[in-house]
Amino acid sequence: MEECISVFDMLKIGVGPSSSHTLGPWRAAERFLKELRDEYDINSVERVKVNLYGSLSLTGKGHATDLAVMLGLSGQDPEYIPIQNIDKIIKSIETKNEIYLGNQIPIPFFILQDIIFNKNFLPFHANGLTFTAYFNNETQYSSTFYSIGGGFVVKEGSQNAQAKEAIKCAFPHPIDKASELLAYCTKENKTISEIVYDNEKSMRPEASIHHELMRIWNTMLECMYIGCHSEGILPGGLHVRRRAFDMHQNLIGLSNYSNPQEWLEEIRKTEVKFRQILKWVSCFALAVNEVNAALGRVVTAPTNGSAGVIPAVLMYYLVIENHQGGETEIKKFLMVAGEIGSIFKKGSTISAAMGGCQAEIGVSSAMAAGALCELMGGSPEQVLMAAEIAMEHHLGLTCDPIGGLVQIPCIERNTMGAIKAINAAELALETDAKNAKVSLDKVIDTMWQTAKDMNSKYKETSEGGLAIAVNMADC
């Protein structure tokens, strides 16, 4: 059965630093709250405990998993919470040893006792967590969730079969594999973005699609803007200094602007040489992931750790390749990127805890490469070829963050993923796709096999690679 995934499932607005370790647990806490409201008297809850397992435990501190579950239990929405409120809420819980469950009921909450880090792994997925509520009648209720990457959450024992079937029936073009997507393009004589748009229209009004796609882009643009105008040291203890600010200042000079859109127009006026292009693309990617590392608002694309690749490549198109590019191109780019990401999710994984960094930076680079290729005039075959090329050269990429933080090497990797995406798109545009030796479906299968063969030390556990070669003391 095809699993129908919307563009808006793949591109989600949230808070950094991690989609699987921050956004996912946050959403799981929201779902647990809903269960309490639906099945019990939430006013009779006296205590809540959270058990984190596997990768959520091993790198949870660096990924702010503990903060995420507290914010989720507090009834805060990661998509809309004012960023400046996060520290206030966490400090209040720490100082008062009290949490406002669902933002309405104060109950005792002792962080060191009520959030428990268990290094053992639960069987279904590396990112497991269990919530337990204790009631005043001495009964208790537990619920286990898995954060499976990209902010997606599943409940233990539930496959949401009915919901998926309903969505499947709504899609005129249900897609599991790249070959199926290409077949629809050929049969309907449509581009990939047009096929995706047909699917999206079966779920929501066209005005809503337009509004949400532009809201996603404006969040990306604002994130780049904030990152390029923020100085200082990133939190977490590695003392990583933000670099996008200085790089941006050197590139843009004394330009005048007062908002993100004016900023974009000013960048269009800057010098365009190969070195400057490399620096601009890197600057955009750095900016996003520095905001992400500082618990800022980003778009999960398809994860938070890889959130800088897609906005950097789309911004490159708008400020370097096509100065007349606007809403039409932005929407096409995001729809193609979202569809490619969904095919990776169905055929492999977008969770670094399951597949290493190939599942995050590799997938985001493939998404961006395919999307850019369509905007540059590539055929559907060339678009899929661009995505394949980008992933082919990320196969086996490990996830070994120093200190469990989404900083080193994660921030720089977004610059590399963006540059590779542009290169992959150009290679595909210059190639007759009929001569391709490796299909996107084959590279997705290979990625999944590589993920299964990869040692767990290199799957977001901070137990191997750079994470042990360079320790916190060295930094």
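Residues are numbered from 1 along each chain as its sequence is written, and side-chain values use heavy atoms, with hydrogens and water left out. Because the model is predicted, local features need pLDDT of at least 70 and side-chain atom pairs count only at pLDDT 80 or more, while totals for chains, interfaces and linings use all residues.

## Confidence

The pLDDT (the predictor's confidence in each residue, from 0 to 100) averages 94 over the chain, and 96% of the residues score at least 70. Residues 160–168 have a pLDDT below 50, and this stretch has 8 contacts in the model beyond near neighbours in sequence. A contact here means heavy atoms within 4.5 Å.

## Cores and a covered helix

Let's start on the inside. A nonpolar core is a set of buried Ala, Val, Leu, Ile, Met, Phe, Trp, Tyr and Cys residues joined through side-chain atoms within 4.5 Å. Buried means under 20% relative accessible area, exposed means over 50%, and partly exposed lies in between (1.4 Å probe, protein chains only).

The largest nonpolar core has 112 residues, and those touching the most other members are Trp217, Trp263, Met315, Phe333 and Leu334. Leaving aside residues up to four places away in sequence, Trp217 touches Met224, Leu264, Pro311, Leu314, Met315, Leu318, Ile330 and Leu334. A second, separate core has 39 residues, including Val48, Leu71, Ile86 and Ile89.

Helices (H or I, at least four residues) and strands (E, at least two) are DSSP runs, numbered from the N terminus. Helix H9 (residues 192–201) is mostly covered, with 7 of its 10 residues buried. These are Ile192, Ser193, Ile195, Val196, Asp198, Asn199 and Glu200. Among the elements covering them are helix H8 (178–188), helix H15 (327–347) and helix H17 (361–375).

Lining residues have an atom within 4 Å of a point. Grid points are joined across faces, edges and corners, and a volume is the space filled by probe spheres set on the points.

The whole structure holds 1 cavity of 30 Å³ or more. The largest cavity contains about 130 Å³ of space. Its lining has 16 residues, with Gly305, Glu360, Cys399, Val406 and Cys410 nearest the centre. By class, the lining of the largest cavity has 9 nonpolar, 3 polar and 4 charged residues. For these classes, Ala, Val, Leu, Ile, Met, Phe, Trp, Tyr, Cys and Pro count as nonpolar, Asp, Glu, Lys and Arg as charged, and the others, Gly among them, as polar.

The second largest pocket has a volume of about 450 Å³. Of the 20 residues lining the second largest pocket, Ile83, Ile86, Ala294, Leu295 and Gly296 lie nearest its centre. Helix H5 (85–96) and helix H10 (206–228) are the elements that give two or more residues to this lining, and H5 has the largest share with 5 residues. The lining of the second largest pocket divides into 10 nonpolar, 4 polar and 6 charged residues.

Phe145 sits in strand E7 (residues 140–149) and is buried, with a relative accessible area of 0%. Its contacts include Ala28, Phe32, Leu129, Val153 and Lys155. The C-alpha atoms of Phe145 and Lys155 are 4.4 Å apart, although the two are 10 residues apart along the chain.

Leu234 lies in the loop between H10 and H11 and is also buried, at 3% relative accessible area. Among its contacts are Val240, Glu290, Ala294 and Ile411. Leu234 and Glu290 are 56 residues apart along the chain, with 7.4 Å between their C-alpha atoms.

## Backbone angles to check

Most residues other than glycine have a negative phi, and most peptide bonds are trans. The table gathers exceptions.

| Site | Backbone feature | Angle |
|---|---|---|
| Ala301 to Pro302 | cis peptide bond | omega near -5° |
| Ile408 to Pro409 | cis peptide bond | omega about 5° |
| Glu138 | positive phi | phi near 70° |
| His239 | positive phi | phi near 55° |

Pro302 is in the loop between strand E9 (297–300) and helix H14 (309–321), and Pro409 is in the loop between H18 and helix H19 (410–429). Glu138 is exposed, with a relative accessible area of 77%, and His239 is exposed at 57%.

Technical notes
1 Å grid on protein atoms, 1.4 Å probe; cavity = no way out; pocket = protein on both sides within 12 Å on 5 of 7 lines; lining within 4 Å.
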